Amino acid sequence: MGVFSVVIGALNQGFLQTLKLFSVTLLGSIPLGLLICFGSMNRWMPFHRLSAADAPRGIVGRLCRILSRLRPVSLLTRFFVWIIRGTPLMLQLIIIYYGPGVVMGHSPWPGGETGRFLAAAIMFVINYACYFSEIYRGGIQGVPVGQQEAGLVLGMTKRQIFFKVTLLQMVKRILPPMSNEVITLVKDTSLARIITFQEVIWAGQAFMKGSHGYSGLLWPLFFTGVYYLVFSGVITLLLGKLEKKLDYFR
Amino acid sequence: MALLEVRSIEKHFGPTKVLKDISFSLEEGRALAIIGSSGSGKTTLLRCLNFLETPDRGSITVRGETLFDAGDRASFSEEAIRQKRLHFGLVFQSFNLFPQYTALENVVLAGKLREKDRTQWPTLEKQGMELLDRMGLADRSGHYPHQLSGGQQQRVAIARALALHPDILCFDEPTSALDPELTGEVLKVIRSLADQDTTMIIVTHEMAFARDVADEVIFMDGGLIVEQGPARQVIETPQEERTRQFLSRY
Ligand SMILES: Nc1ncnc2c1ncn2[C@@H]1O[C@H](COP(=O)(O)OP(=O)(O)OP(=O)(O)O)[C@@H](O)[C@H]1O
Ligand SMILES: [Mg+2]
């Protein structure tokens with residue numbers, strides 16, 4: 001077998017791992033993002049009674065007023081989202097994969113590629129869910145309240161209003177920013193390389209040090225770029241088609 | 001017996017009292033215009049009638065049936081309200097058509113969601129077409145809202161509200177969001193509804209229209225009914241100083 005077909009075979013295998021991480025991340029983070037979104041929009045105020053007119057004066061009164069407006073679910077969720085969005089994904093991958101081993105003395109992850117994939121997939125899902133949650137929030141808040149009110153006045157249930165009226169308008173709104181994130185995800189999967197997850201870049205780089213009997217080859221690493229280009233091109237086309245489908249209304 | 005009986009409605013948002021002891025009644029087939037300066041509580045009153053706001057005090061009775069009584073918490077449940085609000089229809093200042101549906105779909109959507117028996121749907125569509133025809137929009141039934149002018153959109157919204165056969169149709173400044181040259185076509189439609197003895201409550205700043213089309217006029221100021229009576233009398237020979245001041249601006 002020639003060098004080329006050996007390299008392509010190895011890169012294909014690496015790219016399969018890339019695809020696996022990509023699809024698991026999307027499948028997990030799209031619904032988890034909605035959950036996080038609901039959490040950050042949660043309006044539960046357990047202490048709202050403390051704001052009553054007969055609250056004491058002075059520092060206690062002020063404390064009562066602050067406490068009365070506290071939305072713990074929303075606050076905690078937003079804090080979590082801030083942490084995840086405010087730190088590099090690469091760092092998060094290192095922490096989730098190596099952190100428990102350092103703290104507990106032994107790694108809880110299964111050995112080999114299975115463990116690396118599991119750790120990477122979990123971190124990617126959480127990370128992207130946080131980004132998606134913010135996009136969803138914008139999408140939900142962007143649908144005018146008048147839409148909901150028009151539905152209510154026509155005697156529709158909250159459920160009917162969500163599914164028949166607001167959902168599609170939301171989807172239309174979030175599609176462009178979601179497309180951006182998805183394209184970013186295509187390339188971000190390479191960050192899993194940091195915990196030696198054997199995705200396509202890892203496979204390409206291996207030919208420099210020695211792989212399948214070849215070493216000192218630089219071009220396989222460069223060639224991985226073609227995989228990313230083709231894949232992101234396909235995704236862009238598909239998402240563009242979806243956006244076009246929703247072009248019939250404003 | 002009056003068709004609609006509103007007794008001592010009060011509503012406040014936080015510390016500000018927006019409606020203070022509103023009482024009036026309306027006979028079947030009559031048109032009532034509500035006038036008053038900005039912030040006097042006209043929109044809030046219509047929203048209370050349509051259960052988009054919950055009054056803090058008072059009661060609302062239609063055909064002798066008490067739909068709402070602030071003293072009776074059982075009348076607050078979402079399901080109870082959903083059935084009762086169908087006694088009222090509401091046409092919004094900003095139309096609030098559903099953008100992803102055609103004019104006809106907008107008109108029949110709520111009816112279809114209520115009608116589980118699909119064999120009845122063609123009948124609903126036929127009625128929807130008839131309504132659009134009455135609005136002078138027969139040739140626009142397949143257009144999406146963004147393909148219609150403001151005046152056309154508002155007429156679709158009127159057809160949509162009529163489709164559920166409300167006892168009382170409410171309008172909140174139906175022409176305020178329209179270019180001056182488009183108000184005429186909407187006012188004409190409302191005038192023809194009045195001629196067909198549709199029971200209506202119209203919040204409007206069009207004094208000439210209120211005088212000519214409405215049977216009665218209520219002038220509101222600061223959350224109170226200052227003056228009410230036959231339309232021509234209130235607008236041409238107001239008894240109260242505040243009414244006179246307000247009308248002198250027109
Ligand atoms: N959801 C709300 N929260 C707090 N205040 C409100 C709310 N809705 C209305 N208000 C206040 O209630 C008062 C009456 O408002 P409303 O919209 O009923 O007046 P309006 O007579 O319809 O005025 P306009 O002619 O400008 O439409 C205003 O001072 C307004 O600021
Ligand atoms: Mg108003």
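**Exercise 1. Sort the shell around ligand 1 by residue class: how many residues are nonpolar, polar and charged?**

Step 1: list the shell, meaning residues with a heavy atom within 4 Å of the ligand. Ligand 1 is surrounded by B:Phe13, B:Val18, B:Ser37, B:Ser38, B:Gly39, B:Ser40, B:Gly41, B:Lys42, B:Thr43, B:Thr44, B:Glu173 and B:His205.

Step 2: apply the classes. Ala, Val, Leu, Ile, Met, Phe, Trp, Tyr, Cys and Pro are nonpolar, Asp, Glu, Lys and Arg are charged, and the others, Gly among them, are polar.

Step 3: count. The shell has 2 nonpolar, 8 polar and 2 charged residues.

A word on the model: it is predicted, so local features need pLDDT of at least 70 and side-chain atom pairs pLDDT 80 or more, while totals for chains, interfaces and linings use all residues. Residues are numbered from 1 along each chain as written, chains are lettered from A and ligands numbered from 1 in written order, and side-chain values use heavy atoms, without hydrogens or water.

**Exercise 2. Find which polar side-chain atoms lie close to an oxygen atom of ligand 1.**

Step 1: recall that a polar contact pairs N or O atoms within 3.5 Å (within protein, one must be able to donate a hydrogen and the other to accept it, and residues adjacent in sequence count only if both atoms are side-chain atoms).

Step 2: read off the distances. B:Ser38 places a polar side-chain atom 2.6 Å from a ligand oxygen, and for B:Glu173 the distance is 3.2 Å.

**Exercise 3. Describe the contact between chain A and chain B.**

Step 1: count residues with heavy atoms within 4.5 Å. Chain A brings 20 residues and chain B brings 25 residues.

Step 2: find the area. About 2,100 Å² is buried between the chains, 63% of it from carbon and sulfur atoms; this is accessible area (1.4 Å probe) lost on putting the two parts together, summed over both.

Step 3: look for salt bridges (a side-chain nitrogen of Lys or Arg within 4 Å of a carboxyl oxygen of Asp or Glu). There are 2 between chain A and chain B. One of them joins A:Lys158 to B:Glu78, with the closest N and O atoms 3.8 Å apart.
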